[in-house]
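Me: I would like to go through this model in questions and answers, with the cut-offs stated. The sequence and structure come first.

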Amino acid sequence: MANPTPDDKPEPVSITPLLQRLAYPATAGVQVSAEEIAAAFALIFEDRISVIQTAALLTLLHSTGKDRESDVIAKCSHRMREAASKVEKSSLKSVVRARGKKEGLYRGGLCDIVGTGGDSHSTFNISTTASIIASPLLMMAKHGNRAQTSFSGSADVLTAISPVPPKITAVNAGNLPKVYEETNYAFLFAPNFHPGMMYANPVRRGLGIRTIFNLMGPLANPVDFALEARVVGVAYQSLGPVFAEALRLSGAKKALIVCGEEDMDEISCAGKTNCWRLSEYPNPAFKPSSEKEDEDESTSDDEAPPRTLVKLETFQLHPSDFGLPTHPLTDVYSRKMPKDNAAKLMSILRNELPRDDPILHFVLMNVAALLVTSGICESDTSNMGPGDDGKVITERGPGGGRWKEGVRRARWAIESGEALKCLERFIEVTNRL
């Protein structure tokens, strides 16, 4: 897309009244609402607010703590998704429905695993690796970007894969359904789907502080409308319930928010992890109009009671709940360049690491968490393919999850070579686009 000429630049808008009310809440007649803040973000994505006012807005939201309020995060993320390049919904849903395999309580929809970043631990690229390992079993839509606060972001590690990396810049809103016709895995490179962020990025870099954009990213997946389940890691404990509520307000029905006790945005391999889980359950007030309801709830009567309701549970997970030992975080630190992390990622996918490798255990727990959240581990039968012994582990742990079954399935994805095949198909498809 060509850059707009000066004549094309939209009319600027001043948000001075909003900034004044944020700066002086004690004298403001009316307190600033989440809707007003979100409306200002919509203007940022249209390049209609000056750099100075954008910086002032981000700074005031941070200093007042409003950027850590669930309704503000939810509504601003919604505006970010609205401004994203549009994926044709019916085409995407059609190809996902045809390709996704239902099992247990998993309905074959798209899934994501992502962290807010900023936890200062510089661990290995866990969520990126986990997203690939889960892809033989789940339809994955991994939303990510280059590093913001770490040495190696999700986009950095994928583009460092040797000898031929996936061409992540080739995947866009127009061809995403075609990608899913051939593979269960897709990486949604944020700049390709959020062109409006180009107006905010210079301000973010110039400020040098954490802003609400760090929190909006995990909720701004451009195919949010088709996401069935997700795992979101947050960088500090107080964000757990905030994100759970933001996800609920955004319409999520299957989500696990995790924060390691060390304030890490992944399930910790060193000890306990605090968890907030959103899960759906049948709504007793729902009365189907026929024996076979359309699976796409978006076609149902808006005034009718929803098919399912959502509940929130909180609990803690420990490596032992996955049947794994603990490892100190120093064993999984990775203050390395993307090419080093890419080599490690490929070693995992090629099943070259010992079964007791600390990084492998770290990855397996996070894959298992996504598999449990999706509902696939609720199946009492197992027929994943060659190498699957079919012995489902029905033992339940905290939150009622079959965490050990999640690890069993994650190990199969690696040891069968199916996870590697999914990545290779994604590489092949993207290099043909």
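Me: How many salt bridges does the count come to?
Reply: This is a predicted model, in which local features need pLDDT of at least 70 and side-chain atom pairs count only at pLDDT 80 or more, while totals for chains, interfaces and linings use all residues. Residues are numbered from 1 along each chain as its sequence is written, and side-chain values use heavy atoms, with hydrogens and water left out. A salt bridge is a side-chain nitrogen of Lys or Arg within 4 Å of a carboxyl oxygen of Asp or Glu. By this rule the count is 24.

Me: R402 forms a salt bridge with D380; is R402 buried or exposed?
Reply: The closest N and O atoms of D380 and R402 are 2.8 Å apart. Both residues sit in the loop between α14 (358-374) and α15 (403-415), 22 residues apart, where helices (H or I, at least four residues) and strands (E, at least two) are DSSP runs numbered from the N terminus. Buried means under 20% relative accessible area, exposed over 50% and partly exposed in between, with a 1.4 Å probe and protein chains only. D380, at 55%, is exposed, whereas R402, at 5%, is buried.

Me: Which residues are linked with D389 in a network of salt bridges?
Reply: D389 forms a salt bridge with R408, with 3.3 Å between the closest N and O atoms. That pair joins the loop between α14 and α15 to helix α15 across 19 residues, and R408 is buried at 14% relative accessible area. The network that holds D389 also takes in E103, D388, E405, R408 and R409.

Me: What is the relative accessible area of R48, the salt-bridge partner of E46?
Reply: The closest N and O atoms of E46 and R48 are 3.5 Å apart. E46 counts as partly exposed at 42% relative accessibility. R48 is also partly exposed, because its relative accessible area is 24%.

Me: Which are the edge strands of the seven-stranded sheet?
Reply: Two strands pair if DSSP finds at least two bridges between them. Seven strands form an open, mixed sheet in the order β3-β2-β1-β4-β5-β6-β7. Each edge strand pairs on one side only, and these are β3 (185-189) and β7 (308-317).

Me: In which sense do β5 and β6 pair, parallel or antiparallel?
Reply: On one side, β5 pairs with β4 in the parallel sense over four bridges, and V231 has L256 of β5 as its bridge partner. With β6 (residues 273-282), β5 (residues 255-260) forms six bridges, and C275 in β6 is the bridge partner of V258. The sense of the β5 and β6 pairing is antiparallel.

Me: How many of the residues of β5 are buried?
Reply: A255, I257 and C259 point one way from β5, while L256, V258 and G260 point the other way, and all are buried. β5 is therefore largely enclosed by the rest of the structure, the buried count being six of the six.

Me: At about what angle does α14 run to β4?
Reply: Axes are lines fitted to C-alpha atoms, for helices over the stretch in contact, and angles run from 0 to 180 degrees between N-to-C directions; contact means heavy atoms within 4.5 Å. α14 lies across β1 (110-115), β2 (139-144), β4 (227-233), β5 and β6. Its angle to β4 is about 145°.

Me: Which residues do ring pairs link into a cluster with F213?
Reply: Rings of Phe, Tyr and Trp (its six-membered ring) pair if their centres lie within 6.5 Å; planes under 30 degrees apart count as stacked, over 60 as edge-to-face and the rest as tilted. The structure holds five aromatic pairs, and F45 and F213 are edge-to-face because their planes meet at 70°, with centres 6.3 Å apart. F45 in helix α2 (residues 34-45) and F213 in helix α11 (residues 212-216) are 168 residues apart. The cluster links F213 with F41 and F45.

Me: How many residues apart in sequence are the parts tied together by Y185 and F426?
Reply: The ring centres are 5.3 Å apart and the planes stand at 85°, so the pair is edge-to-face. Both residues are buried. Y185 lies in strand β3 and F426 in helix α16 (residues 418-432), so the pair ties together parts whose separation in residues is 241.
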